[in-house]
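Please open the model in a viewer and keep the selection tool at hand. The stops below proceed from one chain to the other.

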There are 2 protein chains.
Amino acid sequence: MSQQLAVGIDIGGTNTKFGIVDRRGNILCDGRMLTNQHEEVDAFLDELHGHLSVLIAQVGGIENIRGIGVGAPNGNFYTGNIEYAPNLRWKGVVPLAKLLEAKFGVPAILTNDANAAALGEFMYGAARSMRDFIVITLGTGVGSGIVANGQLIYGHDGFAGELGHCIVIPGGRLHTGTGAHGSLEAYASATGVTNTAYEFLDARPDTKSTLRDYAKEDINSKVIYEAAMKGDPLAMEVYEFTGKILGEALANFVMFSSPEAIVLFGGLTKAGDLIMKPVREHMEKNLLPIFQNKVKLVFSELQESDAAILGASALAWEMKD
Amino acid sequence: MSQQLAVGIDIGGTNTKFGIVDRRGNILCDGRMLTNQHEEVDAFLDELHGHLSVLIAQVGGIENIRGIGVGAPNGNFYTGNIEYAPNLRWKGVVPLAKLLEAKFGVPAILTNDANAAALGEFMYGAARSMRDFIVITLGTGVGSGIVANGQLIYGHDGFAGELGHCIVIPGGRLHTGTGAHGSLEAYASATGVTNTAYEFLDARPDTKSTLRDYAKEDINSKVIYEAAMKGDPLAMEVYEFTGKILGEALANFVMFSSPEAIVLFGGLTKAGDLIMKPVREHMEKNLLPIFQNKVKLVFSELQESDAAILGASALAWEMKD
């Protein structure tokens, strides 16, 4: 019995990461390349094929590869297409799974990046053996993957789980990417955290903050994080505020699918208790009594760089023979 | 092959309805009794057994009955218990499925009333053959049943789908039953509609309305409905406002599970276009473009009195042999 390995590919707005993974979730070898070097998807695939061919040869050749799993923004599980991804250079509908199959001669399967992260947690991470959980990815954007009854929820069209675009404050802050007002992503993304800091700096001129030493354009989520870790009161309030909004949103999500756990994943989780404490407090506060003190709220246990590859590779194990 | 019939029981705050149903969804015979006549659940079951025994004899005896399905407030599918139902006289945890099995000698299975309605739509109603849909019940309260990947979502503890308790207006109107502020049920339930009318009557003293002819305590959702159907501007605004809030909430639900359809069910739907138009408008307005003009928003096709019995009976077909 060969075919005991899978290729996992994580296509992000900046980097594309790839690796070869065994069934136990060991990444045998991996690499990365820039996503947006190539205007045409064919040129991107040529470069990717070059990198991966070397790795595949290292593990004994393509006959050991069961398939290729891909996580990509706006990746559609049902069609295998990337559809209108705003952060990628390839516009419209890109039949990525089909193109990969033609290139490598093995089956390929695609889903969006947050769903891939959820699969990674399901098979190798904090949600092992759980049948009901939600993964929230907190990075440049806010994404989600939802597992219920032991299955990833794709919805009728493959686009389920866009929780970052739920409206949490009707009429609230503009989300420039979508034009929506008050969506979760407008607050809990890296950009959202930065915008909150801008608002607080303007609205509280009397609150001292080391953030005032920076030019406005140099303030970003990393700078705010470092200030908060040093005890800067305004930066800490930014996390308190972000955690409150995220916690309230999570309470609504619990009312939907009553998950055993919510796994938080991505850049914002580096802040540890600074973000976890207000998230937990405001989630619990907004839950019906029957849901209180039941939902495990945890950070991902996977290395961020590994999780994406692991999750994408996990798709390959789900393929039918 | 006998056992081709099922008993469906719908336990509501006021009435308990029951019937005997064949696999095609024909209700062969049915009846009703008051739920809260009996302080003890045993006395309730004695009366129910009396009524049902007559019906069961009519269809040829208990050997034709495959099982009993029950929809009940706070009914837990996993445990078969009614747990802390605020509107029932039997307090704490009532092991209803077990008690019914002992009484009738056939398997019994339980879920909450909104999940039963969703099963009814799934097998016999507007959601036939759909794998992904949501049913919203708009009555004394606001409930929901969610089907994804062709399965009812129960969550890890059996309590998934409490969408009426999602917070839609943070810090909004008090929901007296739960103490929450701004939950969907505070606006889109019969009580919510009445409270909206009270607010509008106070806040808009210059708007003429036939509702002003009533004593405050005589204004209820039925009176408001009748006024709106006669073109009363204030009553019509109540529906516009209710529909806006419900539509915004539905948009968030679509972002979660991307259903093929949302089925609206219960008293509020009698208002027809008065409620459907604003719901549709505000749902579409708040959806990401990838979800727009895709979700079928429909009223239940089932008779309200039948749907509850049908849905509950449908549980019995799901039981393993």
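Predicted model: local features only at pLDDT ≥ 70, side-chain atom pairs only at ≥ 80, totals over all residues.

Where they touch, 13 residues of domain 1 of chain A are in contact with 14 residues of domain 2 of chain A. Next, select helix α3 of chain A, residues 113-124. This helix gives the most to the side of domain 1 that touches domain 2, namely six residues. Colour that side of domain 1 of chain A by residue class: eight of its residues are nonpolar, four are polar and one is charged.

Now turn to chain B and its open sheet of five strands. The strand order is β10-β9-β8-β11-β12, and the pairing is mixed. Select β10 (151-152) and β12 (296-299) of chain B to find the edges; each has a single partner strand, so one side of each is left without a neighbour in the sheet.

Within this sheet, select β8 (residues 133-138) and β11 (residues 261-265) of chain B, which pair in the parallel sense over five bridges.

Finally, select helix α3 of chain B, residues 113-124. Which strands does this helix lie across? Helix α3 of chain B lies across β8, β9 (142-148), β10 and β11 of chain B, and runs at about 50 degrees to β9(B).

Note on methods: Residues numbered from 1 in each chain as written. Chains lettered and ligands numbered in written order. Pairing = 2+ DSSP bridges. Helix = DSSP H or I, 4+ residues; strand = E, 2+ residues; numbered from the N terminus. Contact = placed C-beta atoms within 7 Å. Axes fitted to C-alpha atoms, helices over the stretch in contact; angles between N-to-C directions. Nonpolar A, V, L, I, M, F, W, Y, C, P; charged D, E, K, R; others polar.
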